[in-house]
Amino acid sequence: MNYRERIFQQEGESFPGKTYVEVVLAPAFHEAKNHLLQPMMAINKAHLVMLREQELLTDTEAKAIAQALVGIEMEELRHSAYTGQFEDLFFQVESRLLELAPDVAGNLHLARSRNDMGIAIYRMVLREKLLVTLESALYLKEHLLLFAQEHAETVMIGYTHTQQAQPTTMAHYIMAAVDLLSRDIKRLLNAYRTCNRSPMGAAALTTSGFAISRERMKELLGFDELVENSYDAVCGADYLGEAATAIQLAAINLGRTVQDMLLWCTQEFSGLKVASPYVQISSIMPQKRNPVSFEHMRSLLSSSAGNAQTVLTMMHNTPFGDIVDTEDDMQPYVWKSMSVLEQMYRLMACVVGTMEVNKAGLLERAKGSFATVTELADTLVRTDHLSFRSSHHIVSKVVKEAMAAGLKADQISLELVNRAALDVIGKELAITAEELRLALDPVHFVRIRKLPGGPNADEIKRMIQERTASLQAETSWLSQEKQEREQTWKRLDQIIADWSVG
């Protein structure tokens with residue numbers, strides 16, 4: 001027996017080969033049962049309605065097909081195993097329809113293809129998953145805004161290049177995260193709008209000679225627009241790439257905030273304390289409160305970004321045509337990536353919404369830090385009419401001498417400042433002891449930075465109010481969109497139900 005015969009003996013000599021079933025067909029069938037069956041049936045129903053309205057089917061034919069559609073046992077299909085009798089779920093459903101309505105059910109495939117059906121199904125699944133992800137993103141946004149409101153005056157040190165930079169507030173940091181999240185939400189919304197376009201009527205790729213209505217299919221399936229060019233309708237995959245890109249960036253963005261918060265949970269930093277439901281203890285060290293919720297978020301968000309990148313990599317250097325690379329094999333990676341992101345949004349909201357902030361400790365650290373000396377340099381410009389560069393040189397010398405003497409920032413004396421000024425500009429300064437105290441006070445530092453976007457508490461509250469208004473608008477849109485989808489399926493089901501008994 002040669003090697004070819006051995007393979008045939010193991011795999012079989014007719015479709016499908018054993019290994020092909022194991023690695024491709026059975027997993028794809030499982031994914032289809034879980035994700036694609038419902039939209040596939042919705043397309044069958046919508047296509048039937050459109051064909052009858054276009055008088056491409058008679059009332060009798062439409063009724064028979066409607067009865068067959070209603071007669072399909074969905075739960076039976078969901079629990080079926082892949083046997084190889086049918087290539088995929090589509091052919092299994094078609095076979096069942098032909099059993100229930102012999103011959104006439106074959107007309108349901110008039111003027112359509114698995115190509116336009118498949119892309120429509122994938123778009124319908126993706127838009128639903130995008131709505132779920134957007135809902136969780138808005139949930140996180142809501143809790144971040146509430147957290148920011150609570151900490152509008154919680155002074156802390158802000159960092160650049162991982163080094164202490166300037167005083168700010170916890171709310172100022174969180175509002176930056178809110179704005180970052182808001183842009184991620186906008187990108188996900190744009191991905192939804194790109195996705196929510198109907199390819200139905202493109203058929204294989206050139207439309208059909210039958211007088212079907214692509215516009216009616218769009219309406220019946222709840223799409224906002226058509227993918228007008230029929231070649232683009234079945235071959236374009238950028239709707240998927242746009243979603244993957246938005247997901248990847250959102251996962252990366254949230255991961256950066258998670259990384260900061262994990263650092264702030266360290267005993268050395270002692271800024272945050274994660275609530276008990278989201279920590280785990282050590283099996284050997286009794287004192288440990290491990291903030292593993294943040295650790296899981298960090299790693300899982302990386303997996304979300306990685307799966308999204310897989311989608312883009314699978315698209316790379318593929319032909320612009322109807323191919324499995326951009327269809328069957330790619331979809332699960334988008335779904336998994338989005339599912340993880342959606343879960344992390346909800347977990348982050350819970351952890352942030354319940355954690356404690358060490359307000360006193362953060363303020364004390366800011367008071368002793370040299371992060372305030374930018375304001376001292378600014379103050380010297382105002383009190384002594386120095387150039388900022390001269391003022392900067394004086395303050396730099398003050399910091400070096402204070403650090404050498406083991407002093408904290410709030411221990412800097414007027415005598416030390418004047419001594420540095422004598423060395424740099426040859427004279428003492430006009431700044432008073434009270435002005436020096438205020439210049440080195442982190443609370444004062446934050447209070448006077450009230451330009452748009454600054455950490456001043458009133459400015460933070462203004463931003464919170466505006467972002468809350470945008471959240472309400474986004475939540476209202478989401479609610480309306482979900483309601484429209486629900487009404488779409490109810491109307492479609494009602495038409496088919498009426499026809500099946502009419």
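I looked up the aromatic cluster formed by Y159, Y173, W264 and F269. Rings of Phe, Tyr and Trp (its six-membered ring) pair if their centres lie within 6.5 Å, with planes under 30 degrees apart stacked, over 60 edge-to-face and the rest tilted. By that rule I have 8 aromatic pairs. One of them is F90 with F91, edge-to-face at 5.2 Å centre to centre and 75° between the planes.

A note on provenance: this is a predicted model, where local features need pLDDT of at least 70, side-chain atom pairs count only at pLDDT 80 or more, and totals for chains, interfaces and linings use all residues. Residues are numbered from 1 along each chain as its sequence is written, and side-chain values use heavy atoms, with hydrogens and water left out.

Is F90 buried or exposed? I noted F90 as buried because its relative accessibility is 9% (buried is under 20% relative accessible area, exposed over 50%, partly exposed in between, with a 1.4 Å probe and protein chains only). F91, at 28%, is therefore partly exposed.

Next I checked charges over rings (NZ of Lys or CZ of Arg within 6 Å of the ring centre and within 35 degrees of the ring normal). R123 has its charged end over the ring of Y239, 4.1 Å from the centre. R127 lies over the face of F223 at 4.6 Å from the ring centre.

E342 has 10% relative accessibility, so I logged E342 as buried. At 18%, E474 therefore counts as buried too.
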